[in-house]
Protein chains: 2
Amino acid sequence: MANVTLKKIAETLGISTATASKALKDYADISNETKRKVRELAQQLNYKPNSFAQSLRNQESKIIGLIAPQIVHHFFANIIKGVIDAAEAKGYLVIILQSGESYETEKKQLQLLLEKNVDGILISLSDRTVNYKHVADIIKEGIPVVLYDKISKLLDCSKVIIDDRKAAYNATKYLIETGCKNIAHIRGPLKPQTTIDRFLGYKKALSDHGLDFKDQLVFETKNLSFEDGYEIADRILATSDPIDGVFAFTDLLATGALIRFNEKGLKIPEDISIIGFSNWFLTKITTPSLSTVNQPGYEMGQKAFQLLLKEIRNKRENKESTKEIVEIPTTIIPRNSTKPRLITEKTNN
Amino acid sequence: MANVTLKKIAETLGISTATASKALKDYADISNETKRKVRELAQQLNYKPNSFAQSLRNQESKIIGLIAPQIVHHFFANIIKGVIDAAEAKGYLVIILQSGESYETEKKQLQLLLEKNVDGILISLSDRTVNYKHVADIIKEGIPVVLYDKISKLLDCSKVIIDDRKAAYNATKYLIETGCKNIAHIRGPLKPQTTIDRFLGYKKALSDHGLDFKDQLVFETKNLSFEDGYEIADRILATSDPIDGVFAFTDLLATGALIRFNEKGLKIPEDISIIGFSNWFLTKITTPSLSTVNQPGYEMGQKAFQLLLKEIRNKRENKESTKEIVEIPTTIIPRNSTKPRLITEKTNN
DNA sequence: CTGAAAGCGCTAACAC
DNA sequence: GTGTTAGCGCTTTCAG
């Protein structure tokens, strides 16, 4: 089954490949009669333009690359879905790669994508990435790059983020408004910006509402795992402070704590309220269901592709890169691990 | 920053592009001295071969396509991870597409992949796909195709599957061995093969162990949702039979039922045991944790890529397609929603 | 050991 | 309206 090429079509029709090519692209200077004949034959032979040849000529592949730290991950999977859907709608396909939170892998994968001459790259940095030269180099080369979620302020390119500080602020404020007075925070490891921002949001919400910030009410975890949350629940119960609220860095930690509190016979939310972060599926099925902060991954993915497309077009038209930073709003999802709010008031994002 | 091409390297070195090309590919008939010089300059200029030109010459892209019904899905995400990892290790990149369980989308996406001249395609059929011509046509054209998980027996190509019937048989048998006598089954909609196979496995396990199969103990769901499971729990409790065990088609259904049983004050597993299917993350965090059947997605993904690679190589060497069907073994994961086993016996996969 | 030349399939400038 | 030609960047004979 030899492949059908333009040449073959041109030969059988007794015309030149140039004419055939133009006919298929509906050029104005080709007679309708010829166009009809070419199109018919192409259809009949099931002609498909060779994308390699097209790419070689046009210097574009209509393929973009995406690197995520993880893909077996509710939030990232949603982002990826958003990217793929948006890309497909604009005629782009997406190569997916996962760095597994490894800086070395991330670096290697960027090279792989460049070698494939993708038209642009979407990347969320690994937690262990502390040096950004590998990304900066690519941006400098003029390859369209958009950062999403795990970004670095040191990189000069378009970005899609959520405002972690504001979201954490609102989550903590929500606990306060439901009557909590002694609120603990289960935070992530020291490094990534998200951890810091959520911590700062928590801290600011306390002080804005006249509550004391106490260092000993902040618990740091290494792995952000269910087990970490479970274990920290015990430490929370062991403090001398009468803790009545917990804001966890992520739903998994919150769930670990929730289950441990249940085991210990605490009443949630009466004795202790918990709010998580991310709105993973599992928050719906814990007992009680977990209040959380919704991180709209799908929308982030769509937006990230849109920004990338803009950069791709800028590049093709030799325009300056626009370097937009888009913030996707988050919302509080109240469920049964928190009490009803005392003061009714609109949550700003 | 004009791109570095072989030509440029050749010119600066005063040699021909042919020589430069061969030098980089370590051909035996090039002097070590020349090789060294070419390699050095290439390195220095950060030369990257243009993949379009290479693909055009070699008729291969080193890119494969993967279509899944869903990607925000624990099992499929694991498969995808397995595919990407295995592919990357062999120098292939993976374009991901999701059909959203739509036959039309699936058909369109196959075309998109063909238009991009991918070297091969991995596809899991949508539940709503009942006509297989779109896939059969591609196989007939000689494009390497491997089906994974959601397959059709009518398609003649390599496949990676789990033996749903055997797995369901073992899950049901497990309930029986832990002392259950009246076992209900929450099944999926009538059509997909997996539903049928798991149902048949359930039925066979009953009869092999001297238990009566009763039609009214089989509950069909439309959406395989958490809510479906929840609702069916009520119907299970309303039957006249003293049901003491439930085998659910999937973990989500099992979880819905489990939560409803909890609400109704039933003791799990003493009053009623439950076993799910898939070993999703959520099974670890329900109260009690959910016994289930592990479906090794990552391994399936890896195997699927290996089979595809074999087909790709067969094609290139003009060999016959091998059309292997590989079955990945499943295992029972006992947790706290089932009682301890009475008879200790090795579970065969 | 090296290089000239052809060609993968397509597109676009330019001629007729 | 249509065809000629050149060329995208690479690989691979084949001749020297």
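Visitor: In what sense do strand 6 and strand 8 of chain B pair, and over how many bridges?

Guide: In this predicted model, strand 6 of chain B and strand 8 (residues 245-248) of chain B pair in the parallel sense, over four bridges. Ile186(B) has Ala248(B) as its bridge partner in strand 8 of chain B.

Visitor: What makes strand 7 of chain B a partner of strand 6 of chain B?

Guide: Three bridges join strand 6 of chain B to strand 7 (residues 218-220) of chain B, and the two run parallel; since at least two bridges are needed, the pairing holds here as well. In strand 7 of chain B, the bridge partner of Ile186(B) is Phe219(B).

Visitor: Why are strand 7 and strand 9 of chain B said to stand at the edges?

Guide: The open sheet of chain B has four strands in the order 7-6-8-9, with parallel pairing. Strand 7 and strand 9 (273-275) of chain B each have a single partner strand, so one side of each is left without a neighbour in the sheet. Neighbouring strands of this sheet are turned against each other by 15° on average, direction ignored.

Visitor: Which way do the residues of strand 6 of chain B point, and are they buried or exposed?

Guide: Ile183(B), His185(B) and Arg187(B) point one way, while Ala184(B) and Ile186(B) point the other way, and all are buried. In a regular strand the side chains alternate between the two faces of the sheet. Strand 6 (residues 183-187) of chain B is accordingly described as mostly covered, with five of its five residues buried. Helix 9 (residues 193-208) of chain B lies across strand 6 and strand 8 of chain B, and runs at about 170° to strand 6 of chain B.

Visitor: Why is helix 5 of chain B called oblique to helix 12 of chain B?

Guide: The axes of helix 5 (residues 74-89) of chain B and helix 12 (residues 297-316) of chain B come within 6 Å and cross at roughly 40°. That angle makes helix 5 of chain B oblique to helix 12 of chain B, because angles under 35 degrees would count as roughly parallel and 65 to 115 as roughly perpendicular. The crossing of these two helices of chain B is right-handed, and by class their contact has ten nonpolar, six polar and three charged residues.

Visitor: How do you know whether Lys81(A) is buried or exposed?

Guide: Lys81(A), which lies in helix 5 of chain A, has 21 other C-beta atoms within 10 Å; the cut-off for a buried residue is 20 or more, so Lys81(A) is buried. Leaving aside neighbours within four places in sequence, Lys81(A) is in contact with Tyr298(A), Gly301(A), Ile71(B), Val72(B) and Gln98(B). The C-alpha atoms of Lys81(A) and Glu299(A) are separated by 9.5 Å, although these residues are 218 residues apart along the chain.

Visitor: How many residues does each chain bring to the contact between chain A and chain B?

Guide: In the model, 39 residues of chain A are in contact with 38 residues of chain B. Among the elements giving two or more residues to the side of chain A that touches chain B are helix 5 (74-89) and strand 2 (93-98) of chain A. By class, that side of chain A has 21 nonpolar, twelve polar and six charged residues.

Technical notes
Residues are numbered from 1 along each chain as its sequence is written. Chains are lettered from A and ligands numbered from 1 in the order in which they are written. This is a predicted model: local features need pLDDT of at least 70, side-chain atom pairs count only at pLDDT 80 or more; totals for chains, interfaces and linings use all residues. Axes are lines fitted to C-alpha atoms, for helices over the stretch in contact, and angles run from 0 to 180 degrees between N-to-C directions. Angles under 35 degrees count as roughly parallel, over 145 as roughly antiparallel, 65 to 115 as roughly perpendicular and the rest as oblique. A crossing is left-handed if the near helix is turned anticlockwise from the far one by less than a right angle, and right-handed if clockwise. Ala, Val, Leu, Ile, Met, Phe, Trp, Tyr, Cys and Pro count as nonpolar, Asp, Glu, Lys and Arg as charged, and the others, Gly among them, as polar. A residue is buried if 20 or more other C-beta atoms lie within 10 Å of its own, exposed if 12 or fewer, and partly exposed in between; C-beta atoms are placed from the backbone. Two residues are in contact if their C-beta atoms, placed from the backbone, lie within 7 Å.
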